[in-house]
Amino acid sequence: MIRVALVDDHTLFRNGLKMLLSTHAQVEVVLEAGSGEEFLAEVESVQPDVVFMDYAMPGMSGAQTTEQALQLCPEMKIISLTMFADNAYYSQMVASGAKGFLLKDSEFDEVVAAVETVATGGSYFNESLLQSLSQSLRSTGNSAADSIAEADRLSEREIEILVGICRGESTQEIADRLYISKRTVDKHRANILEKSGCKNTASLVVYAIRHGLVEV
């Protein structure tokens, strides 16, 4: 079972999402909270696997709550929920450690896909949000020369692996596609993180888009 927590200040939205998730045999909603403060007070005793975190809440923001929650429960995976696509939102939530990004009007199949993806260690980006992020980053991003210089920091193999990461491929899928071992993929991924200065998969996606290393 995937143990899920819902953090949103709108009771009606929480109830609706809980009802939908209850139809999935492998998902159990174990905690509901109407604010970041309420969630932080209970999260250690419940230890959910996946958290749906509203971005804009009274009091503590979704980014602040995410950062503090992951200090308490580092293995927890957080999916950020928002009504809008905004570069600042992405930047804050990625920096805080969120692994998934969804619009609140997403189809239920996409919600399930996000839960299953982050629960198994991946990152999930809603397509509309990703398109908006791509347009925003490229309109305000680095020059062509800067992007080329950044790309030159990575080897050809590292770029191939980075593209796979951005596509949502698992370590095994990347290894199979490139005919290398999972251990080799993990070693390259560690090198990519070090060279890029990124902390996690979600920040790698943003990095790759910003520097024109992947097409959305």
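Predicted model: local features only at pLDDT ≥ 70, side-chain atom pairs only at ≥ 80, totals over all residues.
V4 stands opposite V29 in β2. Residues are numbered from 1 along each chain as its sequence is written, and side-chain values use heavy atoms, with hydrogens and water left out.

Strand β1 covers residues 2-7, and strand β2 covers residues 27-33. Helices (H or I, at least four residues) and strands (E, at least two) are DSSP runs, numbered from the N terminus. β1 and β2 pair in the parallel sense over six bridges. Two strands pair if DSSP finds at least two bridges between them. The chain gets from β1 to β2 through helix α1 (residues 11-21), in a right-handed β-α-β crossover. Right-handed means that, with the strands pointing away from the viewer, the path from the first strand over the helix to the second runs clockwise.

Is β1 enclosed or open? Five of its six residues are buried, so β1 is largely enclosed by the rest of the structure. Buried means under 20% relative accessible area, exposed over 50%, and partly exposed in between (1.4 Å probe, protein chains only).

Six strands make an open sheet with parallel pairing, in the order β2-β1-β3-β4-β5-β6. Its edge strands are β2 and β6, and each pairs on one side only.

Move along the sheet from β1. Four parallel bridges link β1 to strand β3 (residues 50-54), where V50 stands opposite V4. V50 also stands opposite K77 in β4. Five bridges hold the parallel pair β3 and β4.

## Strand β5 and its partners

Strand β4 (residues 77-82) runs parallel to β5, joined by four bridges. T82 has L103 in β5 as its bridge partner. In a regular strand the side chains alternate between the two faces of the sheet. In β5 (residues 100-103), G100 and L102 point one way, F101 and L103 point the other way, and all are buried.

β5 also pairs with strand β6 (residues 124-125), parallel, over two bridges. There G100 stands opposite Y124. From β5 the chain passes through helix α5 (residues 108-119) to β6, and this β-α-β crossover is left-handed.

## Helices on the sheet

Helix α1 lies across β1, β2, β3 and β4, at about 165 degrees to β2. Helix α2 lies across β1, β2 and β3, at about 135 degrees to β2. Axes are lines fitted to C-alpha atoms, for helices over the stretch in contact, and angles run from 0 to 180 degrees between N-to-C directions. Contact means heavy atoms within 4.5 Å.

## Helices α8 and α10

The axes of helix α8 (residues 156-166) and α10 come within 10 Å and cross at roughly 95 degrees. The two helices are therefore roughly perpendicular. Angles under 35 degrees count as roughly parallel, over 145 as roughly antiparallel, 65 to 115 as roughly perpendicular and the rest as oblique.

On the α8 side, the contact residues are R157, E158, I161, L162 and I165. They meet V185, H188, R189, N191, I192 and K195 in α10. The contact residues divide into five nonpolar, two polar and four charged. Here Ala, Val, Leu, Ile, Met, Phe, Trp, Tyr, Cys and Pro count as nonpolar, Asp, Glu, Lys and Arg as charged, and the others, Gly among them, as polar.
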